Amino acid sequence: MNLSHFLADDLYNKDQITALLALAKDIKANPQQYQQTLSGKSVAMIFEKPSLRTHVSFDIGINKLGGHALYLGQQNGKLGERERVSDYAKNLSRWADVIVARVFEHEAIVELGNHASVPVINALCDKYHPCQALADFVTLSEQFADLSMLKLAYVGDGNNVSNSLMIMAATLGVDFTLVCPGGHGSDSVMIDKTKALAAQSGSNFTVTSNMDALNGIDVIYTDTWVSMGDEGKVDNYLDKFMPYQINHDVMATTGAKYVMHCQPAHLDEEITTALFDSEMCLAFEQAENRMWAQNAVLVSFFSNQ
Ligand code: NVA
């Protein structure tokens with residue numbers, strides 16, 4: 001597999017995602033075999049927004065592959081303000097071998113991809129979080145031998161994380177239920193994309209605001225009710241979202257085995273502290289797998305298999 005970029009989940013087919021999942025698990029099991037993959041190579045990492053997991057997992061992951069990571073933080077301001085995004089991409093391509101970018105707007109990632117002559121990885125934008133979804137499916141495949149039997153749900157705000165998760169689920173043929181309060185679901189373009197992919201893979205895709213749809217679900221995923229950049233956009237969000245909190249009662253009523261969260265968790269908002277701290281929560285497995293999943297993407301750029 002030889003990917004040119006890793007920008008948005010809907011750009012990759014089932015075979016490509018399945019190969020990346022297998023590669024991530026192989027790198028995790030045999031890290032020593034990949035110690036030289038990025039030897040002599042540099043990865044420029046642009047962050048327009050804060051990050052713990054993405055920054056650290058890329059930096060340390062790149063180090064484990066023998067490469068060099070360069071962090072470009074917010075001191076350069078919003079992409080496109082000081083100089084054109086296209087020029088940013090062209091400059092970085094002259095020095096770096098890969099560009100990783102966390103940006104406010106998806107269009108900036110597309111622009112970087114269009115003008116960089118090296119691979120670009122989307123490390124979160126307003127529409128997608130593909131590295132997270134890949135890590136989440138590594139995590140799920142460690143817990144469930146046959147993903148085609150899995151019933152996965154996302155509850156809360158329809159956002160970048162839910163978009164990537166549902167698109168990847170539909171691509172892989174995993175049944176998916178999206179439960180969002182009225183007015184906070186995913187946009188219709190994302191829903192239509194997911195419907196088309198689910199029809200192709202033969203999986204079920206349900207969109208609702210009714211928590212009863214969670215009965216019989218294996219895994220419930222949740223994320224913050226207010227994403228970075230959306231602060232202040234929704235008044236009294238707690239009133240609207242509180243009925244969608246994931247807690248021990250929801251786990252018991254639905255029969256769900258695991259809860260997942262990409263973090264940072266807003267404890268006692270979208271998930272209770274007690275549930276987050278429980279054995280049912282896979283959040284730290286997901287966090288670890290961010291590194292292996294991203295390393296799989298990096299390795300895929302430089303392998304001809
Ligand atoms: N939906 C969240 C994910 C954080 C990793 C956000 O965009 O802020």
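Biologist: Is the crossing of helix 2 and helix 11 left-handed or right-handed?

Modeller: This is a predicted model, in which local features need pLDDT of at least 70, side-chain atom pairs count only at pLDDT 80 or more, and totals for chains, interfaces and linings use all residues. Residues are numbered from 1 along each chain as its sequence is written. A crossing is left-handed if the near helix is turned anticlockwise from the far one by less than a right angle, and right-handed if clockwise. The crossing of helix 2 and helix 11 is right-handed.

Biologist: What is helix 2 in orientation relative to helix 11?

Modeller: Helices (H or I, at least four residues) and strands (E, at least two) are DSSP runs, numbered from the N terminus. Axes are lines fitted to C-alpha atoms, for helices over the stretch in contact, with angles from 0 to 180 degrees between N-to-C directions; under 35 degrees counts as roughly parallel, over 145 as roughly antiparallel, 65 to 115 as roughly perpendicular, and the rest as oblique. Helix 2 (residues 53-64) packs on helix 11 (residues 283-301) at about 55°, with the axes 9 Å apart. The angle therefore makes helix 2, relative to helix 11, oblique.

Biologist: How many charged residues does the contact of helix 2 with helix 11 have?

Modeller: Contact requires C-beta atoms, placed from the backbone, within 7 Å. On helix 2 the residues include Arg53, Phe58 and Lys64, and on helix 11 they include Arg290, Met291 and Leu298. Ala, Val, Leu, Ile, Met, Phe, Trp, Tyr, Cys and Pro count as nonpolar, Asp, Glu, Lys and Arg as charged, and the others, Gly among them, as polar. The contact of helix 2 with helix 11 has six nonpolar residues, four polar residues and, as for charged residues, three.

Biologist: What is helix 5 in orientation relative to helix 11?

Modeller: The axes of helix 5 (residues 130-143) and helix 11 cross at roughly 110° and come within 8 Å. That angle makes helix 5, relative to helix 11, roughly perpendicular.

Biologist: How many nonpolar residues are in the contact of helix 5 with helix 11?

Modeller: Helix 5 contributes residues including Cys131, Leu134 and Val138, while helix 11 contributes residues including Glu285, Trp292 and Ala293. By class, five residues of the contact of helix 5 with helix 11 are polar, three are charged, and the nonpolar ones number six.

Biologist: What distance separates the centres of domain 1 and domain 2?

Modeller: Domain bounds come from an automatic or database domain assignment. Domain 1 covers 5-129 + 287-301, and domain 2 covers 132-284. Taken over C-alpha atoms, the distance between their centres is 24 Å.

Biologist: Which helices each supply at least two residues of the side of domain 1 that touches domain 2?

Modeller: The contact takes 25 residues from domain 1 and 23 residues from domain 2. Of the helices on the side of domain 1 that touches domain 2, those supplying at least two residues each are helix 1 (14-29) and helix 11.

Biologist: Which residue has a positive phi although it is not a glycine?

Modeller: The residue lies in the loop between strand 4 (120-122) and helix 5. Its phi is about 115°, and the residue is Leu124.

Biologist: What is the peptide bond from Gln263 to Pro264, cis or trans?

Modeller: Pro264 is found in the loop between strand 9 (258-261) and helix 10 (273-276). With omega near 5°, the peptide bond from Gln263 to Pro264 is cis.

Definitions and conventions:
Two residues are in contact if their C-beta atoms, placed from the backbone, lie within 7 Å.
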